[in-house]
Amino acid sequence: MSHIHLRDVAVEFPIYNAASRSIKNRVLNVATGGAIQRRFDGHVVVKGLDNINLDLEDGDRVGLIGHNGSGKTTLLRVLSGIYAPTHGVADIQGDSVSLINIGLGIDPEATGRENIRLRAAMMGMAPHELHARFDEIAEFSGLGDFLEMPFRTYSSGMQLRLAFATSTSIRPAILIMDEWLSTGDEDFKERANKRLHDVVTSTDILVLASHSKELLLQNCNRIVWLEHGKIRMDGSASAVAAQYFGN
Amino acid sequence: MTRRFADRDALEDILEAIKKYHLAATFGWQDVAQRYRRSRVGAFWLTINMGVLIGALGLVFGNLFHSPMQEFLPFICVGMVVWGLISSCVVEGCTSLISADVIILQVRMPIFTHILRALWRNIIIFCHNLVIYPFVLLAFLIPLPSTAALAIPGLLVVLLNLAWMMLVLGIACARFRDLTQLVQNLLQVTFYVTPVMWQPRSLPNGASPYLLDFNPFYHLVTLLRTPLLGGIPTLTTWKYAIAMLILGWIFALWLFDRYRRRIAYWL
């Protein structure tokens, strides 16, 4: 049902405010990050991704590894349809939701109840969907009467519970995650992990960027290794992890 | 969902934003609520501020122009409230996409939703400011003019015009960051050129009529103000505003279609 096909995908960022003359008119290969080049029209361009070919199908649980600046975030954004590739074709079928910043949309002055509404809207939930799920979210958050209190009065653990409960209440076809969501205090941790596993298993395609070998081997059946914006290795989770993390 | 989000064309984006109007409505309402969250009077501070401004301007300029208060005060009241809507929409149109950068880079949502959000926020503020109008009428015991209903189609035309302007400015300002300052600057000038604080008939005889006829903001202001003051906007004003609406949207759609996929890269 869902799939993501990337064909010769490249992503180039135009940098309009870089002092163009300070960057020499040649390709610099930086230790981390993509290549910085100056195009013929004088704009400085950073190549975030280059020549990416990737086919994700139903049931794929893909881990994404690579050093800082290797293009993981950029690729996540291409996969979630936020960046249209500057070259090549990205064919994405299926609604995707990213659980990258689960606090996005929250207003500290608003009450917990209002914040569930705000957060749900930010996740793209329609009012009737939220209506159907509201009680379940409220219950899972375990906040009780605190839902009527302003969000800023919550402890950081409570704040996290609310954001987590709302963000994990949907079941997208494609789920994009940057690291596993950390879930605060001990008693909540277990329930939260179980819930996150439910979301992860019910999704058609999972893409999880992580630096944790354990996490990747636990959740993924395939790993893509990015280096300097290119795919260095793509294969079974155990094989790629063994290469990347060493023995 | 068959087509990839970033590949959609302008019209699809706009239609989806309209279909998901609840997003723009939620965030737009939130923007206003956030500003006045812990205040007792809440968003009615807007009304109070505008009321005081209108009162002061009315007294000063009414006396300067030797205009009778019962004529000048309603004029400046409606004019300021309408100008407030137009100018803040234009200014916030410039920053509508820039300030939504975090959302655009993280969440799949129609781009036009961010424009609608800014528009909706300003409609809410406009409604708060409009409360002053009946009070001014009451103060001078002026009955509500029978032409006031004409302000409703007027408002619709004004809002549709503002929507395309905001879309164009939102895109252009995301790419060229200096443009926001330039627009603010020009808007300030436009405020003085447009009859908001002065009445069109107080133009000296030698003044060029083009000053009004070729000023798009004059027509937009008139479309809303005249019916609320008991007059009927001229056919020229209607034609001008509707022509601007059609041509403006054609241009906005072309621009949006062309650069929609680039917006995320500019943020």
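In the predicted model, His228(A) sits in the loop that joins β9 (222-227) to β10 (230-236) of chain A. Helices (H or I, at least four residues) and strands (E, at least two) are DSSP runs, numbered from the N terminus. The phi of His228(A) is near 50°, a positive value in a residue other than glycine. His228(A) has 20 other C-beta atoms within 10 Å, so it is buried. The cut-offs are 20 or more other C-beta atoms within 10 Å for buried, 12 or fewer for exposed, and partly exposed in between, with C-beta atoms placed from the backbone.

Chain B also holds a residue of this kind. Leu141(B) is not a glycine, yet its phi is positive, at about 55°. Leu141(B) lies in the loop between α7 (132-139) and α8 (151-175) of chain B. Leu141(B) counts as exposed because it has 7 C-beta neighbours inside 10 Å.

The two chains touch. Contacts link 24 residues of chain B with 28 residues of chain A; a contact requires C-beta atoms, placed from the backbone, within 7 Å. On chain B, at least two residues of the side that touches chain A come from each of α2 (21-35), α5 (101-104) and α13 (263-266). The most come from α2(B), with six residues. By class, this side of chain B has twelve nonpolar residues (Ala, Val, Leu, Ile, Met, Phe, Trp, Tyr, Cys and Pro), six charged (Asp, Glu, Lys and Arg) and six polar (the others, Gly among them).

Residues are numbered from 1 along each chain as its sequence is written, and chains are lettered from A and ligands numbered from 1 in the order in which they are written. As the model is predicted, local features need pLDDT of at least 70 and side-chain atom pairs count only at pLDDT 80 or more, while totals for chains, interfaces and linings use all residues.

Key: Contact = placed C-beta atoms within 7 Å.
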